[in-house]
Amino acid sequence: MTVRVRFAPSPTGYLHIGGARTALYNYLYAKATGGTFVLRIEDTDLERSKAEYEALQIDDLKWMGIIHDEGPDRPNPKYGPYRQSERLDIYMKYAQELIEKGMAFYDFCTDEELEAMRAKAEADNLDPHYSGKWREPQHWEEAKARVAAGEKTAIRFKVPKKSYELNDKVKGKVVYPDNMVGDFVIMRSNGLPTYNYCCVIDDWLMDITHVIRGEDHLNNTVRQLMIYEALNAKIPEFAHVSLLIGHDRQKLSKRHGATSVNLYRNEHYLPEAMCNYLCLLGWSHPEERDIFAKEDIVNLFSLERFSASSAMYDLEKLKWVNSEHIKKMDNASLITLVEKEPETEFFRKQTPEWKNACVELLKRYAQFVPDFPKLVNELILNDDPEMTDPLKEILSWETTPKILSFISEEVNKFSSEFVTETELNGWMDHVKKEMGVKGKPLFQGVRAALTGHDHGPDLKFLIPLTPINVLKNRIAHLNK
RNA sequence: GCUCCCAUCGUCUAGCCCGGUCUAGGACAUCGCCUUUUCACGGCGGUAACAGGGGUUCGAAUCCCCUUGGGAGUACCA
């Protein structure tokens, strides 16, 4: 039996971090087992669903490298269509069958009646379940007549009075008591199916073998189990992955800040880093590695290593993962990415050797790709140093003005575009031997004179990357 | 309210299923030290956890029960 998994988002907004994680797990499981990853669009909520969000979500998924094998844009004739809004006749057909079998019934109760029912049950200390007359077979002929006459109505599933059991891959054995749910609506009076119903129809018809989804669906599963049973359909394996929570330990939502993948994408986080971090939130690498690419784990991804408890989404660690991926990346790819950033004209004009040395040096200091242009600007191009207190202090030492004037002379002699490391060493030697400056005053003094900073990367790497004109202007500013 | 799920450092987790090797390991963050100045680098090290209570057992982070805490679901949302 080949594995078929699915990710089934609702196009009601941008792709959420939690959704992306679920999608990733499904994708990984498909890849690990040589199975098929299906994308299905659950757009039965007319009010909230918008067509444009479907494209947006697919695009974000694609950005993360989570590519589906089947979906609206890659249909398999055996299983489509992949949008629930295009499968309405299918849902109605099976709902009719359930009615014929006496497992579902038309319900004409109004909202008010339903509300009264609930209130009464509550007052009588009973479960707040449906208790309308329409569940009784003696009213079904009347019901059919009213429907035949064109009356719009909901269809409810007649819930069997029995308990259900699920062997969840993450949660283990879950027992649902027999009074957990009442007769629930499967088809709304507007002709659209409800989630717990169409989800089962689709998973069944699409031959889904493993349902990997969020824990928020764990309670729903009992309804779905009932439908599978009524349909006499094979029940897939379920894996209910724990939820992502925010710093207040509440389910992650908009009020926790950046929760859509798109935001991270716009800030140029690396997609590999997003996948890496999200994967680790609730799943652990068998060798406890924490930095890896999707390709590294497709052979060892399994449903066995999920954590049963919810995981707090932590931006700090994500940032760290991102910086690790930057360090791991080869220079050529990094250069390509940097050059796509705005305000990198200077960078782009440099020689391949310069670029290589530049990213090699800076990747130790950058957490994000956009940090590169920032660092180039701060460390290499800025010729008007900010007079910070530490800098003023260094400038006030008695040796510093001497160093500054020596360096100034040397730099002004230059006509080539860059100073070499050897030349820099020569200056250091001169200051040391001829001027008798050593230790802290030497290093700090030269650093201040050349960079206008009291700290930063190793001078022997930084200075050869700095254009001579910048050095000249910087020193001129410092001399004032 | 009712039902279901969860419970190891501040955070993510390993270990739990198949009790002893756990004076509980790793990572992020944090702190300290080191590196011929500095660090937004690197190295080394520190602080820090089995929620509480009962069992079972020679022995429990690991198995059982209760309590507490947290989460989710209880819609003609998904």
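Predicted model: local features only at pLDDT ≥ 70, side-chain atom pairs only at ≥ 80, totals over all residues.
## Basis

Local features need pLDDT of at least 70 and side-chain atom pairs pLDDT 80 or more, while totals for chains, interfaces and linings use all residues. Residues are numbered from 1 along each chain as its sequence is written, chains are lettered from A and ligands numbered from 1 in the order written, and side-chain values use heavy atoms, without hydrogens and water.

## Strand β4

Strand β4 spans residues 154-157. Strands here are DSSP E runs of at least two residues, and helices are H or I runs of at least four, numbered from the N terminus. Ala154 and Arg156 lie on one side of β4, Ile155 and Phe157 on the other. All four are buried, meaning under 20% relative accessible area (1.4 Å probe, protein chains only). In a regular strand, side chains alternate between the two faces of the sheet.

β4 pairs with β3 (residues 104-107), antiparallel, through four bridges. It also pairs with β7 (residues 185-187), antiparallel, over two bridges. Pairing requires at least two DSSP bridges. Ile155 stands opposite Tyr106 of β3. In β7, the bridge partner of Ile155 is Met187.

## RNA strand B

RNA strand B is surrounded by 62 residues, each with a heavy atom within 4 Å of the strand. The closest are Asp45, Arg188, Gln250, Leu375 and His455. Sugar and phosphate make up 72% of the RNA atoms within 4 Å of the protein. β4 is among the elements that each supply at least two residues of this surface.

Polar contacts are N or O pairs within 3.5 Å. An N or O atom in the Arg188 side chain is 2.5 Å from a phosphate oxygen. For Gly282, a backbone N or O atom lies 2.8 Å from a phosphate oxygen.

Conventions. Buried < 20%, exposed > 50% of the residue type's maximum accessible area, 1.4 Å probe, protein only. Polar contact = N/O pair within 3.5 Å; in protein donor to acceptor, adjacent residues only side chain to side chain.
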